[in-house]
Amino acid sequence: MQAIDAVDTRVLVLPTELGPETDGTAVWRETAMVLALVRAGGVTGIGYSYVTAAAARVIDDVLARELIGSDALAIPAARAKLLRAIRNHGRDGIGACAISAVDIALWDLKAKLLGVALADLLGAARTVVPVYASGGFTSQSDDELADELAGYVAAGHRRVKIKVGSDPRHDVERVARARAAIGPGVELMIDANGAYTRKQALALAEHFAEAGVVYFEEPVSADDLDGLRLLRDRAPMAIAAGEYGYDPMAFHRLADCVDIVQADATRALGITGFLEVDAMCIARCLPLSSHCAPALHAHAGAAATQLVHLEYFRDHARMEARVFDGTLPVIAGGIAYDRTRPGLGIELRAREVARLAA
């Protein structure tokens, strides 16, 4: 037994590069990360979620006391404690993100204690995880969009995703401009973040298909299961959703409504929850895509047999490169995890953590 002797948190905030960024339904000016640090045997496991500082308070006030003295190698037992502890405080949303950060830290800690890469501990299905470059915010001009996408292609990306939905009247032209920027040999994906009505999304999908769009994420709100099902059945490209799934039942309901299930280990109860979604996708014969947080999904995605790609989200790739040593480059449209580095293969950059501390 390796007893957990400390649980700590950090809240980090990184302003966006060029002022406010937008998608179809939101505006943001910063990227916030809550770090969970779990220690045992002189080793520290790192976990995190992209969420408000309130999640750190949940870890400090509710979850940490459940872990002290627990066996760092017995993750299912720890998870059961965490789920019981959060019951009266609300499991979805901030509660799930807090548990996710801790679960990720526990897996990183276990792999480090055993001296193996996390993907190898989980049982890797592949050594290289396909990725897609994700950015193209609606706050950008068409020229800025084209420059960004051309940069992704030049860097070796074979799939790119842009945001749509802020101005539906302009979106057909915006998508056509994106296709012109990347050329015919790169997969084009779009994300409306739930901005469209059902009829808007269905009508626009026909036009987007003419530009070769192969993946349409959240054409309508992810809460509109009937609308997602309508688009899945009638739109000429794959329909995806799931980034706001917080527990297995949410994904069970969603599986009846989409072509591709999307899950985020920083929200969906951690590495444990992410692999549970993968198991459901196996049972339902559905592909899985991971949402954001590329540094950790490189390992979770390597172990997920149904995974088709990982989102290399611009803001999160930037944040992780600032905060961690050991982040992984994209080469020829994929990320290969480093088998020589234990755990997630990342370590904190202390000076950057201090600079970004909220």
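Which residue forms a salt bridge with Arg57, and how far apart are the closest N and O atoms? The legends below take up this pair together with other close-up views of the predicted model.

**View 1. The salt bridge of Arg57 and Asp61 in helix α1.** Arg57 forms a salt bridge with Asp61, and the closest N and O atoms of the two are 2.3 Å apart. Both residues belong to helix α1, where they are four residues apart, about one turn of the helix. Arg57 has a relative accessible area of 57% and is therefore exposed, whereas Asp61, with a relative accessible area of 36%, is partly exposed. Helix α1, which spans residues 54-67, lies across β1 and β4 and runs at about 170° to β1.

**View 2. The open sheet β1-β4-β5.** Three strands make up this open sheet, in the order β1-β4-β5 and with antiparallel pairing. The strands β1 (4-15) and β5 (43-49) stand at the edges with a single partner strand each, so one side of each is left without a neighbour in the sheet. On average, and with direction ignored, neighbouring strands of this sheet are turned by 20° against each other.

**View 3. Strand β4 and its partners.** Strand β4 (residues 30-40) is joined to β1 by eleven bridges, the two strands running antiparallel. Among the residues paired in this way, Leu14 has Thr31 in β4 as its bridge partner, and Val11 has Val34 in β4. Seven bridges join β4 to β5, again with the two strands running antiparallel, and Arg39 stands opposite Thr44 in β5. β4 and β5 form a hairpin with two residues between them, and Gly41 in the turn has a positive phi of about 60°. Because eight of the eleven residues of β4 are buried, this strand is largely enclosed by the rest of the structure.

**View 4. The salt bridge of Asp226 and Arg229 in helix α8.** The side chains of Asp226 and Arg229 meet in a salt bridge, with a distance of 2.8 Å from N to O. Both residues lie in helix α8 (residues 225-234), three residues apart, which corresponds to about one turn of the helix. Asp226 is partly exposed at a relative accessible area of 48%, and Arg229 is likewise partly exposed, with a relative accessible area of 28%.

**View 5. The salt bridge of Asp256 and Arg284.** In this pair, Asp256 forms a salt bridge with Arg284, and the closest N and O atoms are 2.2 Å apart. The pair links distant parts of the chain, since Asp256 lies in the loop between α9 (248-254) and β11 (260-263) while Arg284 lies in helix α10 (residues 270-284), 28 residues apart. At 36% relative accessibility Asp256 counts as partly exposed, and Arg284, with a relative accessible area of 29%, is partly exposed too. Elsewhere, salt bridges that share partners join Lys161, Lys163, Asp191, Glu217 and Glu311 into one network. The count for the model comes to 25 salt bridges.

View 6. Glu311, a member of the network named in the previous legend, has its place in strand β13 (residues 307-313). Its relative accessibility is 1%, so Glu311 counts as buried. When its neighbours within four places in sequence are left aside, Glu311 is in contact with Tyr132, Ser134, Lys161, Gln262, Ser290, His291, Cys292 and Pro294.

Notes. Residues numbered from 1 in each chain as written. Predicted model: local features only at pLDDT ≥ 70, side-chain atom pairs only at ≥ 80, totals over all residues. Heavy atoms only, no water. Buried < 20%, exposed > 50% of the residue type's maximum accessible area, 1.4 Å probe, protein only. Contact = heavy atoms within 4.5 Å. Pairing = 2+ DSSP bridges. Axes fitted to C-alpha atoms, helices over the stretch in contact; angles between N-to-C directions. Salt bridge = Lys/Arg side-chain N within 4 Å of Asp/Glu carboxyl O.
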